[in-house]
Amino acid sequence: MALQLGEIVAALGGDLHGDAALRIEGLAPLESAQPGHLSFLSNPKYRQQLDASRAGCVIVGPALREQALARGAAIVADDPYLYFARATQLWKRVHARPTGPAIHPSAVVDPEAVIGEGVRIGPQCVVERGARIGAGTVLKARVYVGEDCVVGERCTLHPGAVIGADGFGFAPQAGAWEKIEQLGAVRIGDDVDVGANTCIDRGALADTVIEDGVKLDNLIQVGHNCRIGRHTAIAGCVGIAGSANIGAHCTIGGAAMILGHLTIADRVNISSGSFVSRSILKPGLYTGIFPIDDNAAWEKNAATLKQLHTLRDRIKALEKKL
Amino acid sequence: MALQLGEIVAALGGDLHGDAALRIEGLAPLESAQPGHLSFLSNPKYRQQLDASRAGCVIVGPALREQALARGAAIVADDPYLYFARATQLWKRVHARPTGPAIHPSAVVDPEAVIGEGVRIGPQCVVERGARIGAGTVLKARVYVGEDCVVGERCTLHPGAVIGADGFGFAPQAGAWEKIEQLGAVRIGDDVDVGANTCIDRGALADTVIEDGVKLDNLIQVGHNCRIGRHTAIAGCVGIAGSANIGAHCTIGGAAMILGHLTIADRVNISSGSFVSRSILKPGLYTGIFPIDDNAAWEKNAATLKQLHTLRDRIKALEKKL
Amino acid sequence: MALQLGEIVAALGGDLHGDAALRIEGLAPLESAQPGHLSFLSNPKYRQQLDASRAGCVIVGPALREQALARGAAIVADDPYLYFARATQLWKRVHARPTGPAIHPSAVVDPEAVIGEGVRIGPQCVVERGARIGAGTVLKARVYVGEDCVVGERCTLHPGAVIGADGFGFAPQAGAWEKIEQLGAVRIGDDVDVGANTCIDRGALADTVIEDGVKLDNLIQVGHNCRIGRHTAIAGCVGIAGSANIGAHCTIGGAAMILGHLTIADRVNISSGSFVSRSILKPGLYTGIFPIDDNAAWEKNAATLKQLHTLRDRIKALEKKL
């Protein structure tokens, strides 16, 4: 399991300074890298880690060329983080182990499902009638794709993902709930990743839509009839209620919660843990988190918070008096 | 895949104005409906959408009869939303595709489980020893029902649901944790829906109880020995800690969190994202969410919030001086 | 299904007062216990429940010996809660039903996985190539253990747990996301519990590490390259972002969220629902929760909160004037 530096640069480009025959036995972060490792530095503010690292070779941007060369072998690339990403891909490709059958015998794939070329369906996946899986897509294991749902090309669906369970729709009826059958499906574009145990519900009438290049982490809930725009990335434990319309090129931090029937513009960034209760129509970073504190301080502040409105009135009264 | 208007009204009642022979090819929301679609308007505040819609027929309440008739065919019903729900059910029923075997061959059903009449158990479900599944209940796919757990009649359990994993019980012992075996089970009533990847833990000694008509969305955690009262509906990503006692006819918004060992009265509504840290003994709507803001404004307010208690003291001091 | 009191004390120790031949038919909480039940009281502040209980025998600490004896049979033990935990274990052991095969025929275990002695792998588990499962560990059902991941001895993994899905790593590239292959694995120590539908992601380069004795509840997300220290217990619905370094002997309440790349010291307790946005380097209890209120009061306070910074300025101005 090794590559020579020269082989890496031949595959990925970049400007190699050092011995092309150097054997690289793995990739590692700067702080734990050993002489057999290739590492990288993408954020110049950590440049002091460069000198301390034992890495055999580092990937750096042009601005750090001199500092990197002073310590040993280096690959200079315009975007070191992207270069590193591609090095991980190269590493995986070169060291790939033989794969089993395209469709694991324990998977249940309906004969009326349409499976594209080069699709891999892992153990204990379920693909229901009328579902379509695009070319090159991988269902890792224990993935569920419901009836008539469509997954595009080159997608990766991680274990436990559930595509196309019923949306949560009920009409109140004499104190009980009457089921609204969910007649829509889920349509997922190309190059989409869906994390482990993430759920994307089918639409009530129209479809739930995940556009090309969207990346979803684990344990995310996407309600019925949501639309998530191209290349938006969403971290773990996020909840998105029904009919939310989320733009392209957004990032949504972990455990954020997004109410239904609202619109988020393109290029909006939501901080982790924030609760989005209204539409956000301008790009930017938005946050709403209660700051953590030692419990005693929190208790005092939380108690005061419950009277905040009256504090404002008291300030107003004081201002009048003066 | 079509129904005539007359067939719909024959099945569901309501007051038809228009051509009973009109072919309906689908149900659609007002804004995207086409002439072959049946749509509905339940909230009079959206009545201007009615005129703009291209829907071939609309379901409306008596108050909107005139406005609806002015634009074309209409079904007038006392509760248009409920009528719409039943129309989705009719649509699904009429267009049902042939079903496979009652118990999918890939499901693992213990011979000592008791399976009611008309139960459907989908691919890769696991039903353990001593479990009982009531008549007419559907386990969609990849559902787990643990030992001795009971599921009532006409329930729907969606993919990835886990009924009867161990509750989280440990006693501290010399810095480590000693397992408290979870000897109770889960008892689910009739007409309950359990969403995808939702977990309901078995009780420690007594059972965890989900009463009739409860509707649970996806990715919900119900801790051991909780009780959820009849017809309560809980949206996605909610966490309910152990021994919480939740009343009947409540609604709990998405991503709300409910502490253990507390009581929530009947007909309480909890807003999405709220943290319930104490019992709530009176019906009503309860909320606790940090308002989202642009990040710069949030940072200033959050910093001040950490000194809120001292602000109150300063106001008090000012009041004394005056 | 019964044990005599004498058999319980013979197995678990403790000081029995009462008839050793008394038949115990089950364990139950004080408030619902019947004469055939063994119950326990660990927290002296609930001592008035003791007199009211119908339990045939109670486990109490030395301080409550007299009160307990006044009402009937009792087992006096130094730590009644721990004694109760062991009684549940005894109960389960004695009433164990015959088990099926060690590896259920529906499980998919790669021939290159290494399975320790006494391991039990339930229905529809998937254990991938190169994974190692330590002696005495139980995979309940529908558990996924990814390639090269290591699970220690005497662990319990509950249904739907996903060990070793890819971490969420992407490099931005021309408005899209380039995959960072996740080349690390997951290493889980001994005596670890992983709850239902909980996900622990594999590391990007190095491994994600869960140390001995850690207890994880359901629906938890552990991001890539996290480390969770020995005997830390984490309640349901918690999200832990990548590269968080959590100490030993911590407790993290349900639905708390922990940002990535931060450090939490040993013996830190995080309240349920709190958002940990910075490192916590001193033991103690930390909290950050918006207090719940009736909706009208919340609305007023939340509106004021958005102007909190200006309130502070107004107080400052008033102070200057005086």
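**View 1. Ser274(A) and the residues it touches.** In this predicted model, Ser274(A) is in contact (heavy atoms within 4.5 Å) with Ala256(A), Met257(A), Tyr286(A), Thr287(A), Gly288(A), Ile289(A) and Ile292(B), leaving out residues up to four places away in sequence. Ser274(A) lies in the loop between β33 (268-270) and β34 (275-276) of chain A. Strands (E, at least two residues) and helices (H or I, at least four) are DSSP runs, numbered from the N terminus. Ser274(A) is buried, with a relative accessible area of 1%; buried means under 20% (1.4 Å probe, protein chains only).

**View 2. The contact between chain C and chain A.** Chain C brings 72 residues and chain A 66. The buried area is about 5700 Å², and carbon and sulfur atoms give 64% of this. Buried area is the accessible area (1.4 Å probe) that two parts lose on being put together, summed over both. Phe168(C), Trp177(C) and Leu205(C) supply 12% of what chain C buries against chain A, more than any other three residues.

**View 3. A salt bridge from Glu181(C) to Lys92(A).** Their closest N and O atoms are 3.7 Å apart. A salt bridge needs a side-chain nitrogen of Lys or Arg within 4 Å of a carboxyl oxygen of Asp or Glu. Five are found across this interface of chain C and chain A.

**View 4. Strand β36 of chain A beside β35(C).** Strands pair if DSSP finds at least two bridges between them. Asp294(A) stands opposite Tyr286(C).

**Notes.** Residues are numbered from 1 along each chain as its sequence is written, and chains are lettered from A and ligands numbered from 1 in the order written. Local features need pLDDT of at least 70, side-chain atom pairs count only at pLDDT 80 or more, and totals for chains, interfaces and linings use all residues, while side-chain values use heavy atoms, without hydrogens and water.

Definitions and conventions. Buried < 20%, exposed > 50% of the residue type's maximum accessible area, 1.4 Å probe, protein only.
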